[in-house]
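Open the model in your viewer and keep the selection tool handy. We will take a short walk through it, one selection at a time.

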There are 2 protein chains.
Amino acid sequence: MELAAYLPVWGRLTRAQQEALAGNAVRRSVKKGEIIRNGADCTGLLLVLEGQLRAYILSPEGREMTIYRLFERDVCLFSASCMLRSIQFDVIVEAEKDSELAVIPADVYKRILEESAPLSNYTNEMMASRFSDVMWLIEQILWKSFDKRLAAFLLEEAAIEGTNTLQTTHETLGKHLGNPREVVTRMLRYFQSEGLVRLSRGRVEIVDEAGLRRLAE
Amino acid sequence: MELAAYLPVWGRLTRAQQEALAGNAVRRSVKKGEIIRNGADCTGLLLVLEGQLRAYILSPEGREMTIYRLFERDVCLFSASCMLRSIQFDVIVEAEKDSELAVIPADVYKRILEESAPLSNYTNEMMASRFSDVMWLIEQILWKSFDKRLAAFLLEEAAIEGTNTLQTTHETLGKHLGNPREVVTRMLRYFQSEGLVRLSRGRVEIVDEAGLRRLAE
């Protein structure tokens, strides 16, 4: 498999290491909505060749909360969490769009990690980057009220999708933000009454982007 | 400086790497309450030889929230966050008890990190361990009510201090848990009315440990 374009550290690996990675990586196609990794599975390291993934946690009552998204060229480290014994938490990874992945088996990656300082440092950077995402999230939850978080999330989604008309349900928004559907519906109706959005079935349209931005900040 | 006993990876470093670390490490004594690292400072890697540190975040309004504690033989990685460009968040580190530290300058550590797979893998494990602490915390905040979190925190403090009589103020508890003092006071008074704790000036005494444990679970 052609991994060189997806692993920035490729050129600093030995020939044998490159061959072990390329020879053991498997291509996998996943459909939107498919669960790629559930809890403590050790699926292997996932490279996103195309598409979009969502990593989330689940409350004992089944409530979801998105902790980060993975886009083209991102690497999902926690799907190979068995590599690092200090990782003591479970995230679920779901395809948010139809996606193409390269899966590198955890044992192959771990063996090279142990001998290669460049690959290990690259892994450090990936983890630090996800850690930063989660720290940002914790600050949002702790210090920001739900109206600001929802406004910021709608703007982020519009940027990702490249449109102000979002095809999404109140339930899906609740799953991203860790809140029940009813709470989302109440806030969206308030946004609508303020002229910030227009609601219709399965759709949220941003009509006052500047107003939403003022609210989010 | 004698670092061999504190860095489990010591025996897998080269002689030159060991000498660079030991020759550049500086011993530092800090008093209880002293801020060791503020925001984005790059103080260097801190090794706790003796004592106890607290890492916390600060809201725009000045509210504090403890994200993890560091005890003897723990390493504070984020005090050398400039080593990893992907770390995009600030934590403040404060001495919670009089402490003895070894400080390894960030540039010295980073240089060895880049060439040593063992040190890099060790750093990965440290980061994964702190990441797990923060994921645990996020789940607590998201899915657990404040009474359960406060009960769990009192039990944890009692375990750390080895006594059921905690010398602490409501304000300090609030700083650990990210809540205003008044919220803590109200909940502690409720705990007292339920016979779980006894309150006096600067002190919280756990009188019904089993009851507090039932509440926390």
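How much area is buried between chain A and chain B? In this predicted model, the figure is about 3,500 Å², with carbon and sulfur atoms giving 70% of that area. Start by selecting Glu125(A), Phe131(A) and Trp143(A): together they supply 21% of what chain A buries against chain B, more than any other three residues. To see the whole contact, select 42 residues from chain A and 42 residues from chain B.

Now colour chain A by secondary structure. β4 (53-58), β5 (64-70), α2 (106-115) and α3 (117-143) each supply at least two residues of the side of chain A that touches chain B. The largest share comes from α3(A), with 20 residues. Colour that side by class and you will find 23 nonpolar, 11 polar and 8 charged residues.

For the last stop, move to chain B and select Ala102(B), in strand β8 (residues 99-104). Is Ala102(B) buried or exposed? Its relative accessibility is 0%, so Ala102(B) counts as buried. Leaving out residues up to four places away in sequence, Ala102(B) touches Met1(B), Leu3(B), Val26(B), Leu45(B), Leu46(B), Leu47(B) and Leu49(B). Finally, draw a distance from Ala102(B) to Glu50(B): their C-alpha atoms are separated by 9.7 Å, and the two residues lie 52 residues apart along the chain.

Key. Residues numbered from 1 in each chain as written. Chains lettered and ligands numbered in written order. Predicted model: local features only at pLDDT ≥ 70, side-chain atom pairs only at ≥ 80, totals over all residues. Heavy atoms only, no water. Contact = heavy atoms within 4.5 Å. Buried area = accessible area lost by both parts, 1.4 Å probe. Helix = DSSP H or I, 4+ residues; strand = E, 2+ residues; numbered from the N terminus. Nonpolar A, V, L, I, M, F, W, Y, C, P; charged D, E, K, R; others polar. Buried < 20%, exposed > 50% of the residue type's maximum accessible area, 1.4 Å probe, protein only.
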